[in-house]
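Open the structure in your viewer and keep the selection tool at hand.

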Amino acid sequence: MKLHLSRREFSLTAAHMLLASSAGGALLGHAVPAFGQSPRAVRLGTFGAIDAQNYIRAKALAPRIFGQRVSSDFVTVRAGSEVISAMAGGSLDMCNIGSSPMMVGYANGLKASMVYVYKNIVDSECLVVQGNSGINTLAGLKGKKIGLPFNTSVHFAAVAALRFAGLGLSDVQLINMRADQIASAWQRREIDASYIWVPVLPRLTDDGGQIIFKTGDLNRQNLLIFDGLLVRDEFKQKSPDLVLAFLKDYEQIARGFKQDPKEAVATMTRFLNVDEATVMRSLNTFYPVPASEQLSSRWMGKPGEKDTGVLKTLQTQARFLFDSGQITVMPTEVGGLVDSSFLAKMVA
């Protein structure tokens with residue numbers, strides 16, 4: 001399945017899309033505004049996973065981060081396509097998202113921008129092969145079936161990895177599968193390999209799978225694969241203080257995830273009702289990038305900087321999406337998608 005929307009279809013999808021909001025949102029900072037003031041609100045997306053947004057929910061931190069007079073809602077999304085549709089419809093303000101759906105939204109005219117590298121993807125997404133397949137290298141995948149979700153960071157990473165190994169799309173069988181379908185297809189031996197993320201990835205390795213490529217290996221080819229924090233431009237312009245407040249707190253939470261994982265494990269285990277090993281595995285493959293480092297040309301760079309790692313990767317990704325028919329218009333430039341002004345304020 002290709003995410004191939006005309007601008008009209010894109011707008012209609014956003015207008016009619018139903019998203020699940022956290023029922024507990026009213027408990028996290030809904031306050032009556034002072035007389036004569038307009039109510040302020042922030043709507044944060046979450047994938048229902050071990051992320052900063054769910055940590056904020058679990059610890060009821062929203063009033064402290066945004067202020068007692070700002071209402072906070074958490075919107076549950078299941079895929080990057082839902083994030084861009086919700087933002088286009090004005091029902092979501094901020095959310096982490098992979099660079100592939102982010103670029104699809106940008107190419108379709110979404111008025112939003114990436115303000116922060118949410119995480120660097122290193123070993124949380126890998127290409128794994130069946131343990132008895134005899135495949136030890138990417139070149140060994142020729143003629144094999146690879147299951148993965150299309151229009152995602154792993155789709156882009158898989159194609160890039162195959163190309164660097166001298167394989168084209170006609171040399172392998174890429175099969176579009178939802179993440180929740182891959183483990184069962186793997187167990188039935190319907191696929192020879194999969195490029196997928198945690199928590200599906202460890203289910204495959206526990207069943208004899210062997211990792212032969214990690215997304216972080218693309219760094220050697222000057223490609224960065226990352227999740228970014230995407231913010232609706234209208235919200236960013238009206239409430240820059242709330243964006244900055246979230247980013248500052250996110251950086252503290254991310255640091256805590258790495259420096260004090262026991263506290264994070266205890267909190268997220270209770271909140272998500274999952275086992276400690278699952279949470280710890282996720283934290284072990286979580287690589288935040290400090291704001292000071294993101295301001296370097298390797299990442300987002302200073303405001304207005306053009307020759308940066310993030311922009312180069314986005315341009316490469318735009319070309320991949322266009323060549324594969326996932327977007328119908330190749331953006332002439334991708335600089336409008338990246339806004340590092342908030343990073344500059346964070347380190348000032």
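First, a word of orientation: this is a predicted model. How many salt bridges does a search of the whole structure find? The search finds 17. Here are some stops.

**Stop one.** Select Arg64 and Asp249. They form a salt bridge, and their closest N and O atoms are 2.2 Å apart. Now colour the helices. Arg64 sits in helix H3, residues 62-66, while Asp249 sits in helix H10, residues 240-259. The two residues are 185 residues apart, so this pair links distant parts of the chain. Is Arg64 buried or exposed? Arg64 counts as exposed, because its relative accessibility is 52%. Asp249 has a relative accessibility of 8% and counts as buried.

**Stop two.** Select Lys312 and Asp307. Another salt bridge joins them, with 3.2 Å between the closest N and O atoms. Lys312 is partly exposed, at a relative accessible area of 47%. Asp307 is exposed, at 52%.

**Stop three.** Then zoom in on Glu234 and Arg232. This pair forms a salt bridge, its closest N and O atoms lying 3.1 Å apart. Glu234 is partly exposed, with a relative accessible area of 41%. Arg232 counts as buried, because its relative accessibility of 10% is under the 20% cut-off.

Terms used:
Residues numbered from 1 in each chain as written. Predicted model: local features only at pLDDT ≥ 70, side-chain atom pairs only at ≥ 80, totals over all residues. Heavy atoms only, no water. Salt bridge = Lys/Arg side-chain N within 4 Å of Asp/Glu carboxyl O. Helix = DSSP H or I, 4+ residues; strand = E, 2+ residues; numbered from the N terminus. Buried < 20%, exposed > 50% of the residue type's maximum accessible area, 1.4 Å probe, protein only.
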